[in-house]
Amino acid sequence: MSARRTLAALLLVMTTTLTGCVSIPDDSAPQPIEAFSRKDPLNAVPAPRRSDDPETLARNFIRAMADPTGGHKAARRYLTGSASSRWDDQGDLTVVDDVSVVVDERTETAIRLRITGDHVGTLSPAGQLLPASGSVVIPLSMSKTPSGWRIDGDLPRGVVTDNAQFLTAYRRADLYFPDRTMKRLVTDPRWLYGAAPDASALVTLLMRGPSPDLSGAIGAGADKGATLTAPVSTDSDTITVELGNVTDTDTGNRTVLAAQIVWTLDAAGLSGTYRINADGAPLVADQDGGWRTADVRAFEPDAEQTTQPVLHLVRGGAVVRSTGQRYVAIPGPLGAGRDVRSAAVTRDLGRVAAVVQRGDRQALVEGPYGGDPVEVASGRTVSSPSFGADDTTGYAIVDDRPIQWSRDQQGRARAGALDVTAVQAVRAGPITAMSIAPDGVRVALVVAGRPLLAVISTNARGVPALTGVRDAAPADGTALTDLAWATSDVLYVIGEGDESPVLRISIAGGPSSPLVGGNLKPPLQAIAASPRSVYVTDSQGVLQLGIDSTRPDQYWTSVGTSIPPGSVPVVPEG
């Protein structure tokens, strides 16, 4: 496991002209940085002092570049006038780790040095943070001025900042966009500069549309072409949003737009009554008194579950479920057989899919929970199945080819291959694991041992496809074997090796975090997750770890007695 996983570091730099690439470091603690969950950022950056030595000046210059206001006015104080006029600070920001300053030449009045670091991620102007890998070398020339040392040579295009400064200067915010059914909202995390959430900035970004990787999977309704025409205002408990160019008159689509705005602002801690107007009139006529979260509850992203999903296991070739301190076979053939290798269960316990061994081949079967399943597909190997956002669609990998199956109104299941051209263009190699997020849009893959994210869209021929493919985390040399979503924006992965074999990955682009692993007995064989717990199969059996952010478990515990090695945990999904 990379040493940088033990450092909670995030730094920013421009990727286009800096030497090398950049990647996002991994955090040593299992607690993630969540949207607006920490104290207000201080945003204070150091100012150059006459007494600063060149090394101190270089490090503080990096910290000062965290502040983008006034065309990076704070950072320009470290430059001579001519260097400032030549510096192009526009474009992406990139995150680096392990910053060092190496002096190459020094005289009494001039110095040449290099700032080096591990490139760990890229922040777009729209605030999307993406992981990357590589190293950065930034050469600097300084001269002695009456005010002290100042940078006077040409600077590479872009901006650099260190981890601690990034974490105090930038905050995560979640924007929400509808899926293509216009029935669910999909999370689109962004990182914004500022000490507090700015409602106008959030709504403006929302009206500009989703991040590029989501574009093929997002529906368009009343938000298409809409703009924010005035700053969002707050009067006591009422938050007023004035929109313009809302040409779509469909009430359903306008309600979806309201849900986007309400849940985006609510996630940022900006709660109250939302008065949303379109071209001078209420967005929806019968909501002239404003919107509350209760009015758009049906669109609530990752709605908190009041109860823990019922843990199931594939044990001894049969599907069993937890009932207090015991595990009992589920009704029907899948609970009575001895040939089940993996399974998926819908959250309402209405449907079950399973991979069953039939001689030297495997079959994917699906049917009502407790009823007789029917075969969906077969091959030499079939991966663990995964349901989508509802029980009518599911996914698996058959003979290294990802497939999608769907069930029509008569209950007939039909399967077809997914177009994975975009996946192979990003990373060539076998696709060995696949899991669908609860939102039914994002897909997590293991390709040649590396984690990738994609979305489910439709190609020009009308075939379901995986597009918007990107790395899920920085490369660290660990080969991954399996993964599972806990929520629509957090997944857990297991890898080969004994050191930190379980990792948490956020789609927000921050560092992957190793979970405690002291009492695990690798190799790990399977993983499942819920918003509250992670389950893994190690060489002794199935263990669980509570991941509640307020009080996470410090060690793994068995899910019960009489759980033989090779049992597979199954958490209801969808």
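Arg351, Glu366, Asp391 and Arg407 form a network of salt bridges (a salt bridge is a side-chain nitrogen of Lys or Arg within 4 Å of a carboxyl oxygen of Asp or Glu). The structure holds 22 salt bridges. This is a predicted model: local features need pLDDT of at least 70, side-chain atom pairs count only at pLDDT 80 or more, and totals for chains, interfaces and linings use all residues. Residues are numbered from 1 along each chain as its sequence is written, and side-chain values use heavy atoms, with hydrogens and water left out.

**Domains 2 and 3**

- The chain is split into domain 1 (54-157), domain 2 (171-299) and domain 3 (312-570), with bounds from an automatic or database domain assignment.
- The centres of domain 2 and domain 3, taken over C-alpha atoms, are 33 Å apart.
- In contact (heavy atoms within 4.5 Å) are 14 residues of domain 2 and 15 residues of domain 3.
- Domain 2 and domain 3 bury about 1200 Å² between them, 52% of it on carbon and sulfur atoms; buried area is the accessible area (1.4 Å probe) that two parts lose on being put together, summed over both.
- In domain 2, Arg180, Arg184 and Asp213 lose the most area to domain 3, together 39% of what that side buries.
- The rule finds 2 salt bridges across this interface of domain 2 and domain 3.
- Arginine 470 and aspartate 213 join their side chains in a salt bridge (3.4 Å, N to O).
- Strand β7 (residues 185-193) gives the largest share of the side of domain 2 that touches domain 3, 6 residues.

**Other salt bridges**

- Arginine 49 pairs with aspartate 52 at 3.1 Å, N to O, in a salt bridge.
- Aspartate 52 is buried, at a relative accessible area of 3% (buried means under 20%, exposed over 50%, partly exposed in between; 1.4 Å probe, protein chains only).
- Aspartate 419 and arginine 461 also form a salt bridge (3.7 Å, N to O).
- That pair links distant parts of the chain, 42 residues apart.
- Aspartate 419 counts as buried at 18% relative accessibility, whereas arginine 461 counts as exposed at 64%.

**Helix α1**

- Helix α1 spans residues 54-64, and its buried residues include Pro54, Leu57 and Phe61; helices (H or I, at least four residues) and strands (E, at least two) are DSSP runs, numbered from the N terminus.
- The buried residues of α1 pack against α2 (69-76), β1 (93-106), β2 (110-123), β4 (135-145) and β5 (148-151).
- Aspartate 53 caps the N-terminal end of α1, with a side-chain oxygen 3.1 Å from the backbone nitrogen of glutamate 55.

Definitions and conventions. A polar contact is a pair of N or O atoms within 3.5 Å; within protein, one must be able to donate a hydrogen and the other to accept it, and residues adjacent in sequence count only if both atoms are side-chain atoms.
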